[in-house]
Amino acid sequence: MTENYTALYEEHKKAGASFTDFGGWQMPLKYSSELAEHHAVRNAAGLFDLSHMGEVWVTGPDAAAFLDYALAGKLSAVAVGKAKYSLICQEDGGIIDDLISYRRGEEKYLVVPNAGNAVVVAAALAERAAGFDVKVEDVSAETSLIAVQGPNAESILLALVPGEQHPFVTELKYYAAVEVEINGQELLLARTGYTGEDGFEIYIPNEDAAGLWEALLEIGAGHGLIPAGLACRDSLRLEAGMPLYGNELSREGNPYAAGLGPVVSLAKESDFIGKAALSELKAAGTGSTTGRKLVGLKGLGRRAGRGHYPVLKEGNVIGEVTSGQPSPTLGYPVAMAYVDVEHAAPGTALDIDLRGKAEPFEVVALPFYKREK
Amino acid sequence: MSKVVAELKYSAEHEWVAADGSGPVGIGISAVAADALGDIVYVDLPEVGSAVTAGETCGEVESTKSVSDLYAPVTGEVVEINDDVVSDPALINSDPYGAGWLFKVAVTEEGPLMSAEEYASKNGGEL
């Protein structure tokens, strides 16, 4: 697997990070303790390097019509300045990736795929662009992405933004983005995240990333900010019930089984790739009356289920865990799993086969954790 | 770098053995292993009175990120387990060679064990 390094690799080494391969990238797994990092994000703030994520600009007169065709959502309906969570599907409805698209102008979108899928998504977009008057430009290699997540994220960020621009930040809504001066530099700031907390994501050229990283750490220290690795990013997103591509989402799966039916706009007038197959899947009741469905499982004991462990009902395999671990915030094991729809109702008692031993779990509604507004 | 204690012996599966030549030996997992596992949240130990065999699994250690088998570094009878570490597994992270010890065995036979120097050089620990 190709080893890629983000522009912040040396910063992570300096901070004592242990590294892991993720989607072909050497990424910080944790700096000290993943539990401490998890709690910092829930109670104060955490600083994440997300530069492994992709960035693809889609520009031109047909930008909106093209994304309506290439993605499952209705991107033409997104107001300039706002963002939308969407899926890029295969003709058969299988999920190539889940991604966020920011509308930056009438004819301008920034599409952000996952690290491991960035190349594939950029290629699929370029291929699907045939016949549309658009330019598809993959700028992943020169773009870094830094996230500040947690209840103190806004005050930390404001310390690096000139006073007259503070309203740009304080009035920025969830799933919206704005150009704002941060640490003396005009940058794209989005109020998005993958932690279940309030927070921001900042797009920045590689050569400036280390400077901003250090400035945020220095300013943030007084607000409880610490650098946070992928280990806690995974536990945070799991508590927040957010799917991870490769665990909950795949080419073999589909949006209806994953609970992402509302993300698919079958109602949009224009055709889109996967529409015919997705219409059939929906009409068949996939994920509601037939097949398997993604659910939350709450552990009644102390042991956690892990990815690929079988889910049992009275000893029979009726599903499989996709993600699972002890929840640091809630204090009990949580898991997401695909289970047969007849066993998917909240309150259903199921077991996870923990290496030969049945451990009791209960189906619960997702998310496991929701922050107080 | 993770600490390796000079006075102990180590198995290839990262257990340490405190063998002073008399009485039951204390067993735990090395700081190298504890650091690699991450924050430990659950530990399953063999029962007092049970027999363990060097090189065979005798329990589990579970962190937020993963589950690992615990291998017996010696053969013999378990004579004591650390109840504190069962109720507070984080002790394995905070004090792997002290309060985070796991169990004691009346040894009939040692498995293959390494010196601290050998273990540290193989696993990137610091003496």
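What follows is a chat about a predicted model.

Reader: Hi! How is chain A divided into domains?
Author: Hello! Chain A has domain 1, covering 4-53 + 142-239, and domain 2, covering 291-364. Their centres, taken over C-alpha atoms, are separated by 32 Å.

Reader: And how many residues does each one give to the contact?
Author: Domain 1 of chain A puts in seven residues, and domain 2 of chain A puts in eight residues.

Reader: Which elements matter on the domain 1 side?
Author: On the side of domain 1 of chain A that touches domain 2 of chain A, α2 (34-43) and α8 (230-239) of chain A are the elements giving two or more residues. The most comes from α2(A), with four residues.

Reader: Nice. What kinds of residues are on that side?
Author: On the side of domain 1 of chain A that touches domain 2 of chain A, two are nonpolar, three polar and two charged.

Reader: Switching topic: which residues of helix α4 in chain A are buried?
Author: Within α4 (residues 118-128) of chain A, the buried ones are A:Ala118, A:Val121, A:Ala122, A:Ala124 and A:Leu125. They line one face of the helix, because down the axis of α4(A) they fall within an arc of 165°.

Reader: What's on the face turned away from the buried side of α4(A)?
Author: That face of α4(A) carries A:Ala123 and A:Glu127, which are exposed.

Reader: And what covers the buried residues of α4(A)?
Author: The cover includes the strands β5 (56-59), β6 (83-89), β7 (95-105), β8 (108-112) and β9 (135-138), along with helix α3 (63-70), of chain A.

Reader: Let me pick on A:Leu125. What does A:Leu125 touch?
Author: Leaving out residues up to four places away in sequence, A:Leu125 touches A:Val56, A:Val58, A:Ala70, A:Val111 and A:Val136. In the largest nonpolar core, which has 105 residues, A:Val58 and A:Leu125 touch the most other members.

Reader: Which strand gives the largest share of this core?
Author: Strand β18 (residues 333-340) of chain A does, with six residues. Domain 1 and domain 2 of chain A both give residues to this core, so it lies between them.

Reader: What other core lies apart from it?
Author: There is another core of 37 residues, including B:Tyr10, B:Trp16, B:Val32 and B:Leu45.

Reader: Last one: where is A:Ser288?
Author: A:Ser288 is in the loop between α9 (275-283) and β15 (292-299) of chain A. With 15 other C-beta atoms within 10 Å, A:Ser288 is partly exposed.

How values were computed. Residues are numbered from 1 along each chain as its sequence is written. Chains are lettered from A and ligands numbered from 1 in the order in which they are written. This is a predicted model: local features need pLDDT of at least 70, side-chain atom pairs count only at pLDDT 80 or more; totals for chains, interfaces and linings use all residues. Domain bounds come from an automatic or database domain assignment. Two residues are in contact if their C-beta atoms, placed from the backbone, lie within 7 Å. Ala, Val, Leu, Ile, Met, Phe, Trp, Tyr, Cys and Pro count as nonpolar, Asp, Glu, Lys and Arg as charged, and the others, Gly among them, as polar. A residue is buried if 20 or more other C-beta atoms lie within 10 Å of its own, exposed if 12 or fewer, and partly exposed in between; C-beta atoms are placed from the backbone. The arc is that of the directions from the helix axis to the C-beta atoms. A nonpolar core is a set of buried Ala, Val, Leu, Ile, Met, Phe, Trp, Tyr and Cys residues joined through C-beta atoms within 7 Å.
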